[in-house]
Amino acid sequence: MKQIKPTTRRSIAFYLMIAPWLLVFLSFSLFPLVYGFYLSFTNYFGFNLEDLSLVGLKNYQNVFSDKDAMGALGRTFLFAVINVPLGTVIALSLALLLNHNIRGRGVFRTIFYIPSIMPAIVTTMMWKNILFTGNGGILDRIIGVFGLGPVNWLGYDYALFSLILMSSWGAGGGILIYLAGLKGVPDELYESAAIDGASYMQRLFRITLPLLTPVIFFNVLMGIIGTLQQYLQPILLAGDQLLARPIKPIYLYVVHAFQQIFANQRFAYGMALLWVLFIITLLLTLVVFKTSRLWVFYEDGGD
Amino acid sequence: MKRISLSRTLLYAVLLFLSFIFLFPLYLAVINSLAPWFNPPTAVPTAFKWENYYWATELIDFWRYARNSLIIAIIYVPLTTLSSGLSGFAFARLRAPGSKVLFLCVLSTMMLPGIVTQIPTYILFFRFNLINTYIPWLVWGIGGSAFYIFMYRQFFRTVPLELEEAARIDGCSIFRIYWNIFLPISLPVVATVTILTFHGNWNDIMGPFMYLREARYPLSTALSMVGYKPPGGDNQTIMQVTMAAGLLLALPIMVTFFIGQKYIVEGIVTTGIKG
């Protein structure tokens, strides 16, 4: 029997081991992606798969002339611009607070983390039915103590604010990763800074945060992608079934795509809407990556 | 000395205040789930109507939905954990032509908005007559998850080479090396991936909504679609019972988190996820 070279054997092992992932990736990620792109150039409306005709760029032209879509896109950007930095600041601050040598650290960590793993339906249930409620809702009573309100939390003026408030409650999800990152900051740096008489703030801005930028970078990127795709919470806040149509201020871009597909059966148009978002996401990711050289600090000089 | 204890006190005060804010909605959920039907929301315990929890399982087909949730989790979670580990190991420790490009594919799947592929995937499953079956979860389970492949890879890259070489000198095959050496030392990561996968799967509303019909909905989807109405006509949703059902849905999430907390923290530290 001919001897197989070790490198060949390793290649075979590699492909055997990734085979399950690779097969599913090709058939259930890559193929649907390409197929969806194709569908976005057709007149597919749900029942005519056998009889599709190409319509060129019409669906894409419709995306850009659709006032609802463009309005929703702008709103989604606004939501992301507020939500991502706010979430980052909250998670990072909580992690910095917990990074002190304190008693009951584990308990505090759990308390801050738990809201982020609550099922979305449970989170919206309790905010909607108990806190945001108009008639004797708890938030109204709290601000009432300060002589404010009552406020129509889920009405036109406050719905976006309420959505952001609810998201912020779950922002503690990032603390585990930040705490892990903080553990990686070498003690010697703090020791030599202490000898130099640096204050807490100086240490924070000169040592801790710069060394943490790779972790922040990862979280911000995932946060942007997640926020641009957000649709579940607005829908759940809007009504008690998944085809409920949220009011304007929380009518986000993917909510619009979802409505077009499931409520109006405009499948091809929905695919075009989603592909526009996908391309925007790609471009944003690229921008974040390119600019990361300016604000992300890599110990090994970047790789 | 005095200044230090002052800032300590301040630190604890801030932490306690923040804890109060983060716990408050959960506290409200619990006490309102125990309040009498149709009462307005309350911030102080007024009654302890434990029977609300009974009604939560009685007014809708609760246990059937719960069973569906469990079936989906049993199909999906162990498979994803295993498959992701296998791929993660391959990407961390084995070089092969094309492995770099394929790893880029893993990374880009992490960036890909899931919703973009959902409609075409639906068509695919529809063509194979697999709508309203649990087979899609079997398929996804076999494929693993890009995020967890990445996590495993990060961890396996930190394992010293000597460990592997010693085993290879003993004539272990690559699969044996993975199974006997790498998997046992990665238990915190395995536990983390298992628990986080379970959470994502248990909380998923939209996947089952698209690929299944009502009788096969898991609890999360059912609770977003089916309202709790009193028996006999009245069309108003009972907030207290809905809240009780929600807390029942959250219970397995909380329990698994508390059990696995130690591993999750350790798992995230050792994988050192960063950009």
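Helix 10 (residues 200–228) of chain A packs against helix 13 of chain A at an angle of about 165 degrees, with the two axes 11 Å apart. This is a predicted model, in which local features need pLDDT of at least 70 and side-chain atom pairs count only at pLDDT 80 or more, while totals for chains, interfaces and linings use all residues. Residues are numbered from 1 along each chain as its sequence is written, and chains are lettered from A and ligands numbered from 1 in the order in which they are written. Helices are DSSP runs of H or I with at least four residues, numbered from the N terminus. Axes are lines fitted to C-alpha atoms over the stretch in contact, and angles run from 0 to 180 degrees between N-to-C directions.

Angles over 145 degrees count as roughly antiparallel, so helix 10 of chain A and helix 13 of chain A are roughly antiparallel to each other. Their crossing is right-handed, that is, the near helix is turned clockwise from the far one by less than a right angle. On the helix 10 side of chain A the contact takes in T213(A), F217(A), L221(A), I224(A), I225(A) and L228(A), and on the helix 13 side L277(A), T281(A), L284(A), T285(A), V288(A), S292(A) and W295(A). Contact here asks for C-beta atoms, placed from the backbone, within 7 Å. The residues involved split into nine nonpolar, four polar and no charged; Ala, Val, Leu, Ile, Met, Phe, Trp, Tyr, Cys and Pro count as nonpolar, Asp, Glu, Lys and Arg as charged, and the others, Gly among them, as polar.

Helix 10 of chain A also packs with helix 3 of chain A, here at about 145 degrees and with axes 9 Å apart. This crossing is right-handed too. Among the residues that make the contact are F79(A), N83(A) and G87(A) of helix 3 of chain A and N219(A), G223(A) and I224(A) of helix 10 of chain A. The tally for this contact is seven nonpolar, seven polar and no charged.

Helix 12 (residues 253–263) of chain A has nine of its eleven residues buried, so it is largely enclosed by the rest of the structure. A residue is buried if 20 or more other C-beta atoms lie within 10 Å of its own, exposed if 12 or fewer, and partly exposed in between, with C-beta atoms placed from the backbone. The buried residues run through Y253(A), V254(A), V255(A), H256(A), A257(A), F258(A), Q259(A), Q260(A) and I261(A). Their cover includes helix 3 (67–98), helix 11 (232–238) and helix 13 (267–295) of chain A, together with helix 5 (115–127) of chain B. After helix 12 of chain A comes Q265(A), with a positive phi near 55 degrees.

Between the chains, 79 residues of chain A are in contact with 70 residues of chain B. Helix 1 (residues 6–39) of chain A gives the most to the chain A side, with 19 residues. That side divides into 56 nonpolar, 19 polar and four charged residues.

In chain B, F38(B) has a positive phi of about 65 degrees although it is not a glycine. F38(B) sits in the loop between helix 1 (2–33) and helix 2 (51–58) of chain B, and counts as exposed because it has 12 C-beta neighbours inside 10 Å. N132(B), also not a glycine, has a positive phi near 65 degrees. N132(B) is partly exposed, with 14 other C-beta atoms within 10 Å.

Note on methods. Helices (H or I, at least four residues) and strands (E, at least two) are DSSP runs, numbered from the N terminus. Two residues are in contact if their C-beta atoms, placed from the backbone, lie within 7 Å. Angles under 35 degrees count as roughly parallel, over 145 as roughly antiparallel, 65 to 115 as roughly perpendicular and the rest as oblique.
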